[in-house]
Amino acid sequence: MHTKSPVIIDLKFDQEQVAAALKGAFPDREVINLLHPASRKRDLSGIDYAVVWRPGADLFERAKDLKVVFSGGAGVDHVLTLPGLPDVPLVRFVDETLTTRMSEWVVMQCLLHLRQHAAYEALRRDRVWRELDQPEASDMTVGIMGFGVLGQDAARKLKTLGFNVIGWSKSGRAVKGFEVFDEAGLNTFLAKTDILVGLLPLTPDTKGIFNTGLFTRLSRKGPFGAPVFINAGRGGSQVEADIVASINDGTLHGASLDVFEQEPLPLESPFWSMDKVFLTPHAAAASDVGALFDHVAIQIARYESGKPLEHLVDRSAGY
């Protein structure tokens, strides 16, 4: 009798969430959760599938026969650099809940800056009752770098609120309803942008791209006289010393950061005490583990019935 291949789970997520999500997942096959003590010494040869997020260093040595690797998140830069990653299809997590959460975070941050929340919080601490001049969303252009599924969803929601929204992607692929710039159009894109939103994957091209040189090319014609930087893509794409210096010298009006060069953010980071910076702990769009397992089950069913896998990573592009 042909039995279905088990699924290896090696996710450095909250283990209670993983255990709860596994209760109803993959009912027709065995699940091997490598963080379970009973699985530590398990023979993993002959197994077709692994779902990974910061897996053990020896995973691919132990599981030599994998046919598909699934990333536990939308980003795959940490998977692409894993030692021994086999040359098999790599599938990233695309899910409506993850997209919605990211859009909510981006919209919230744009509104916090538009409505001068940091300034009002400073006034509140000093018990000062004062109304500030209030620009409208239509006075600001939001430029989103990384105009894929997440970027386009955030763009549509921001547009509904009245913001002008433009996009940038390496290819500059057209998106209905939005002006989109490509690599050659980067300077034009930056010069129009009052609020810069980073949703880029981490690749050799994007490492350290958000730096002083880029910030100085952003629009200074907006209502605050200086641009705002918002990043929920990858910490490796920003130069944090440049963000600190740019806020202190007025090159940037403020920032919202969900990702950092080092995570958790070191206690000595100046960001902790900067009034003009909103911080969240890489929580903009946490993966819903149940939705992740549903996504993996759908893709495995496609694969086993001879249909093509969806959301495949192009390794040469890095996403």
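Phe70 has Val91 of β5 as its bridge partner. Strand β4, residues 68–71, pairs with β5 in the parallel sense, and two bridges link them. This is a predicted model, and the points below go from its sheet to a pair of its helices.

**The sheet**
- Let's start with the strand order: the open sheet has five strands, running β2-β1-β3-β4-β5.
- The pairing in this sheet is parallel.
- At the edges sit β2 (31–33) and β5 (90–91), each of which pairs on one side only.

**A helix on the sheet**
- Helix α1, made of residues 15–22, packs on the sheet and touches both β1 (7–11) and β2.
- The direction of α1 makes about 170° with that of β2.

**Two helices together**
- A handy reminder: a packed helix pair is described by the angle between the two axes and the distance between them.
- Here, α4 (residues 96–114) and α6 (residues 149–160) pack at about 50°, and their axes are 9 Å apart.
- That angle makes α4 oblique to α6.
- The α4 and α6 crossing is right-handed.

**Who meets whom**
- On the α4 side, the contact takes in Leu98, Thr99, Thr100, Met102, Ser103, Val106, Val107 and Cys110.
- Facing them from α6 are Val149, Leu150, Asp153, Ala154, Lys157 and Leu158.

Technical notes:
Residues numbered from 1 in each chain as written. Predicted model: local features only at pLDDT ≥ 70, side-chain atom pairs only at ≥ 80, totals over all residues. Heavy atoms only, no water. Pairing = 2+ DSSP bridges. Helix = DSSP H or I, 4+ residues; strand = E, 2+ residues; numbered from the N terminus. Contact = heavy atoms within 4.5 Å. Axes fitted to C-alpha atoms, helices over the stretch in contact; angles between N-to-C directions. Parallel < 35°, antiparallel > 145°, perpendicular 65-115°, else oblique. Left-handed = near helix turned anticlockwise from the far one by under 90°.
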